Structures are given as structure tokens and as C-alpha cells.
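Subject: Structure handover

Hello,

Here is the structure I promised to pass on. Please open it first, then read my notes below.

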Amino acid sequence: MSNPVPARPLAQPVVTARLLWTALAVVAVLALLTYLVAFDQGAVSRSGMYLHELMHDGRHLLGVPCH
Amino acid sequence: MPTFLSVLLRGLLAGLVAGLIAGTFAYLVGEPRIDAAIAIEEQATHSVPEAEADHHAEELVGRDGQRAGLFLATGLFGAAMGGLLATGYVLLRRRLRTSDDGRAALLLAGAALLGAVVVPFGKYPANPPAVGNPDTIDQRTGSYLLLVLLGLVAVWAGALAHRSVSPHASSALRAVAAVGGFLLVTVVAYTVLPSFAEVPDDFPATLLWEFRLASLGTQVVLWTGIGLLFAVLLGRRGRDRRPSVDGGPERSGTPDGAEAPAGR
């Protein structure tokens, strides 16, 4: 579209140090969640192999190396 | 930091919903192939009596449980990916040269699909049950994760190469630079990382092919869903408050055309 006055984007946060630290914390939490789904074999979840086996099909179909 | 939080929540929601949609796709297209592969695996194990006793003893979750667990896995994985995409969006938004939030979201989702899914798939495609040597699982997992990172680096290299060409140059030249930067990193990564040839000789080639397509399809559905839903949700601001950062009277309304909100 040819808009003479470019629309102001709704969310263009300024990247500050505080934002970076928050982002880092969020990434760490999400990486842990990803790990639990895709790679854990009971070491972190303390559930033995239960969660690992429960999400077996998902891991295969998401393409993560499984066994 | 209301802005980051509001964007993050949109990403998580988009990811969760897209994950459940991808799970449905995987259930319909992928599960029949997993069942077929498990049948082959069982056949192989049952010819060895001792292994059979072993195998059944450690069966913690039945097949029905694993089919339900598929949705748990794709839902959680999707939410995590949506959250990561939202975080990437917040950090990179200003560097993306578009004034359209929805387009920026789709661009990032496409980059993630290419870098974190398609590139790894080219060297380490998904394997069904009965394929893969348990002894090498650690090396395979490590190499796979490394290739996910390198795939994202490859996309980044493509973007850098694209920008390094003068904006006055033809768009074809800029596209060639982008593809070249991307391919350079990808080819180096493919060459340096180890290969694993672990498909048993008697595993049906058709089944392997169909399973891998189903797996790739699941990821494509997931990332397409995340990108579209995230774009739509970004266009939908709260009715009474606007979590925009630098405050201003005008707002751009919904992203133009391409990603009109589905339903309603």
C-alpha cells in the first residue's frame, strides 16, 4: 500500500537493559518448558520416565531425536 | 513493562492454539504412521523373547495415553515457541523495516520456520519409532540442537547479506545476496556436523517418507499458525487501553488485508 504518512507501528518497544534482562528470564523459562517436552528423560521433571513416555508421539512428530 | 507482557501473552496464546491445531494435524496424518512403525518395532522385539519381557515391563504409558499426550506435547511446545517468537519480536521489532506489526510477526515466524525447522530437517529429518540407535541419542540430540542454532544463524546471515547490498541495487541482486548468505552458512553447517545413517535396511521406505512428511507438515502447520495468530492478536489491542510505548493519538488499525482476523 502507498501510504504517504506511514502508520505508526503499535508495538515498537525501545530495547533497554531492563527489557533485555526480562527477556533473558523469559527465554530461560521457555527453554526449560521446551526441554521438558522435547528432551527430558525424568532428570528435571522428577517424574521418572512418565512425562517422557506420555509425550512420546509428540516428540517424534515434532521431529526431535527421540530414541 | 506492560508492552513486553502484553506482547508475550499474545505470543503464548497464539502458540498454544497453533500447537493444538498442529497436534490435530499430527493426530490425523502422523499417528497412523507411528502405529505402523510401532508394529514393525514390536515385530522385531518379539522375535527376541527376553527383550519382550523387558519391553512390556517398562511400558509406563499405553498407546492411548501417548495419543492424548501428543496434544499435551504440541500444545506446550507451541506455547513455548510462541513465547520465544514474541520475545524475539519485542527485541527485533525496531530492526525490521516494516511499519506493519502483522507483517513483522509473519516475517519472524517465517524466519523461525526456515532456520529452526527446515534447515535441521534437511540433515536430521524426523525418525519414526523403530528407527535410530539408542546408543547415539546424545550425539544426535546435541547435533540437532546445534543445527537449530546454525539454521537461525543462516537466516540471520541471509538478512545481513540482503542489507549489505545497496538499496539502490536491483531487488534480484539483493535476493541473490540473501540466498547466498543463507546457503553459505547452511552448507558449512551440513558439512561440519556428523551424519547418522541409522535407518534399518528392512524399514519400509514409503512409511519412512510418509512419516517424515507428516512430521514436517506438523511443524509447518505449527509455525504458520503461530505467525498468523500472533499477527492477528497484535492487531487486536485492548479496547480501552493501548499498550503502545511511545504514546500517540493515532493508531494504524488492523494490519492490512493479508491477515484479516478469522471468524467473528
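First, a definition. A residue counts as buried if 20 or more other C-beta atoms lie within 10 Å of its own. By that rule, 36% of the 67 residues of chain A are buried. Keep in mind that this is a predicted model.

Chain A

The secondary structure of chain A is three helices and zero strands. Read from the N terminus, its elements run α-α-α.

Where the chains touch

How many residues of chain B are in contact with chain A? The count is 54 in chain B, against 38 residues of chain A. Five helices of chain B are listed as giving two or more residues to this side: H1 (2–46), H3 (63–92), H4 (101–123), H5 (137–164) and H7 (205–235). H3(B) gives the largest share, 16 residues. Sorted by class, the side of chain B that touches chain A has 27 nonpolar, 17 polar and 10 charged residues.

H1(A) against H3(B)

Now look at one helix pair across the two chains. Helix H1 of chain A covers residues 17–38. Its axis and that of H3(B) come within 9 Å and cross at roughly 155°. Angles over 145 degrees count as roughly antiparallel. H1(A) and H3(B) are therefore roughly antiparallel to each other. The crossing of H1(A) past H3(B) is left-handed.

Which residues of H1(A) meet H3(B)? They are Ala23(A), Val26(A), Val27(A), Leu30(A), Leu33(A), Thr34(A), Val37(A) and Ala38(A). On the H3(B) side, the residues include Leu76(B), Phe77(B), Gly83(B) and Leu91(B). This contact has 14 nonpolar, three polar and no charged residues.

H4(B) against H5(B)

The next pair lies within chain B. H4(B) and H5(B) pack with their axes 8 Å apart, at an angle of about 130°. That angle makes H4(B) oblique to H5(B). H4(B) passes H5(B) in a right-handed crossing.

Among the H4(B) residues in this contact are Ala111(B), Leu114(B), Val119(B) and Lys123(B). They face a set in H5(B) that includes Tyr144(B), Leu147(B), Gly151(B) and Val155(B). By class, the contact of H4(B) with H5(B) has 11 nonpolar, two polar and one charged residues.

Best wishes

Technical notes. Residues numbered from 1 in each chain as written. Chains lettered and ligands numbered in written order. Predicted model: local features only at pLDDT ≥ 70, side-chain atom pairs only at ≥ 80, totals over all residues. Contact = placed C-beta atoms within 7 Å. Helix = DSSP H or I, 4+ residues; strand = E, 2+ residues; numbered from the N terminus. Nonpolar A, V, L, I, M, F, W, Y, C, P; charged D, E, K, R; others polar. Axes fitted to C-alpha atoms, helices over the stretch in contact; angles between N-to-C directions. Parallel < 35°, antiparallel > 145°, perpendicular 65-115°, else oblique. Left-handed = near helix turned anticlockwise from the far one by under 90°. Buried ≥ 20, exposed ≤ 12 C-beta atoms within 10 Å, placed from the backbone.
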